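Here are my notes on the model you asked me to look over.

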Amino acid sequence: MAADQNSQAQNSQTQGSQAENSETNSENQAAPLHPAVPLGDAALDQLFRTARSYSYFLPKPVDDATLRRLYELMKWGPTSVNGCPARILFLRTPESKQRLVPALAPTNVAKMLSAPIAAIVGFDIRFYDQLEKLAPQSPGYKTMFEKSPELADATARRNSSLQGAYLMLAARALGLDCGPMSGFDNARVDAEFFGAGKEITGCEQEFFPMTHVRSNFICNLGYGDPSRLHPRSPRLEFEEACALL
Ligand SMILES: Cc1cc2nc3c(=O)[nH]c(=O)nc-3n(C[C@H](O)[C@H](O)[C@H](O)COP(=O)(O)O)c2cc1C
């Protein structure tokens with residue numbers, strides 16, 4: 001118990017100094033705290049043990065600044081060759097969310113519409129075009145991916161899924177709830193949102209090259225409605241899912 005309290009006190013000190021660092025240094029280049037201290041129970045509950053997948057959300061908005069903070073956290077999660085293939089389209093207007101409706105499984109429509117944000121987590125199949133910036137120490141990687149579309153595709157899919165998981169944990173760390181969904185027609189989403197020659201309406205910033213992007217999964221974001229949760233299903237025990245060699 002005392003050790004727990006100790007580590008929680010350390011956590012809050014650490015969180016304080018990290019918050020200061022991120023205020024003063026947007027790229028977070030401060031020396032890492034090493035060895036890292038284990039997070040306290042409250043943080044572990046929020047990230048994992050009491051966090052749920054929410055189907056329905058409260059009518060409480062999420063502002064653009066929060067979405068930017070979310071990306072600023074998730075972007076640090078590791079990816080192969082630091083390729084960062086995920087591209088995220090945050091649908092945050094009723095009009096943009098309506099465009100997603102025809103592609104969804106019918107059981108997912110009301111769920112998505114209840115969320116203030118529907119994030120389409122996609123991947124850039126030409127992610128390797130950014131490697132000059134992202135992996136300047138390894139100039140050969142770009143050619144390697146250009147020569148093998150299969151490797152590029154597998155790498156983009158694997159790592160955008162990982163980045164989607166970082167997004168969910170970052171969202172939970174910021175006090176948001178998530179409702180991931182794969183019950184939709186990827187080809188329809190790709191045609192509607194990432195199709196060749198189509199403009200993304202209502203997007204104020206210069207965006208990623210759309211024709212290179214494919215959808216992976218959708219993650220609804222907001223503040224979950226606990227009254228609509230089903231009882232939690234069990235997970236596999238350590239002995240069922242893991243082995244020690
Ligand atoms: C990649 C992915 C796809 C999912 N697709 C759907 C979906 O299409 N519709 C839905 O209602 N839930 C979907 N879920 C939610 C899962 O059913 C839920 O995460 C799982 O049952 C665990 O629930 P819990 O986190 O509340 O314990 C999806 C979850 C993930 C991670």
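1. Four of the five residues of β3 are buried, so this strand is largely enclosed by the rest of the structure. Here "buried" means 20 or more other C-beta atoms within 10 Å of a residue's own, "exposed" means 12 or fewer, and "partly exposed" is in between, with C-beta atoms placed from the backbone. Helices (H or I, at least four residues) and strands (E, at least two) are DSSP runs, numbered from the N terminus. β3 runs antiparallel to β4, and five bridges join them. Across that pairing, cysteine 178 faces leucine 221 in β4.

2. Before going further, a word on what you're looking at. This is a predicted model: local features need pLDDT of at least 70, side-chain atom pairs count only at pLDDT 80 or more, and totals for chains, interfaces and linings use all residues. Residues are numbered from 1 along each chain as its sequence is written.

3. Now the overall layout. The chain has ten helices and four strands, and along the sequence they come as α-α-α-β-α-α-β-α-α-α-β-α-β-α. Of its 245 residues, 26% are buried. Among contacts with a separation of 6 or more, 85% are between residues 24 or more positions apart; a contact means that the C-beta atoms, placed from the backbone, lie within 7 Å.

4. The four strands make an open sheet in the order β1-β2-β4-β3, with antiparallel pairing. Two strands count as paired if DSSP finds at least two bridges between them. At the edges sit β1 (86–91) and β3 (177–181), each pairing on one side only. From one strand to the next the twist averages 30°, with axes taken as lines fitted to C-alpha atoms (for helices over the stretch in contact) and angles running from 0 to 180 degrees between N-to-C directions.

5. Let's walk across the other pairings. β1 and β2 run antiparallel and are joined by six bridges, with leucine 91 partnering alanine 118 in β2. Eight bridges join β2 (residues 117–124) to β4 (residues 213–222), again antiparallel. Glycine 122 sits opposite serine 215 in β4. Helix α9 (residues 186–194) packs on the sheet, where it touches β1, β2 and β4, and its direction makes about 90° with that of β4.

6. Next, the inside. The largest nonpolar core has 42 residues, and those touching the most other members are Ala118, Ala119, Ile120, Leu167, Ala171, Cys219 and Leu221. Such a core is a set of buried Ala, Val, Leu, Ile, Met, Phe, Trp, Tyr and Cys residues joined through C-beta atoms within 7 Å. At least two residues each come from α3 (64–74), β1, β2, α8 (149–173), β3, α9 and β4. Beyond its neighbours within four places in sequence, alanine 171 is in contact with Leu70, Leu176, Cys178 and Leu221.

7. Which residues surround the ligand? They are Arg52, Ser53, Ser55, Asn108, Lys111, Pro180, Met181, Ser182, Gly183, Phe217, Arg232 and Ser233, each with its C-beta atom, placed from the backbone, within 6 Å of the molecule. By class, this shell has three nonpolar, six polar and three charged residues. (Ala, Val, Leu, Ile, Met, Phe, Trp, Tyr, Cys and Pro count as nonpolar, Asp, Glu, Lys and Arg as charged, and the others, Gly among them, as polar.) α5 (106–114) and β3 each supply at least two residues of the shell.

8. Serine 182 counts as exposed because it has 11 C-beta neighbours inside 10 Å. Its C-alpha is 6.3 Å from that of isoleucine 218, 36 residues apart in sequence.

9. Valine 81 is partly exposed, with 18 other C-beta atoms within 10 Å, whereas cysteine 84 is buried, with 22.

How values were computed
Contact = placed C-beta atoms within 7 Å.
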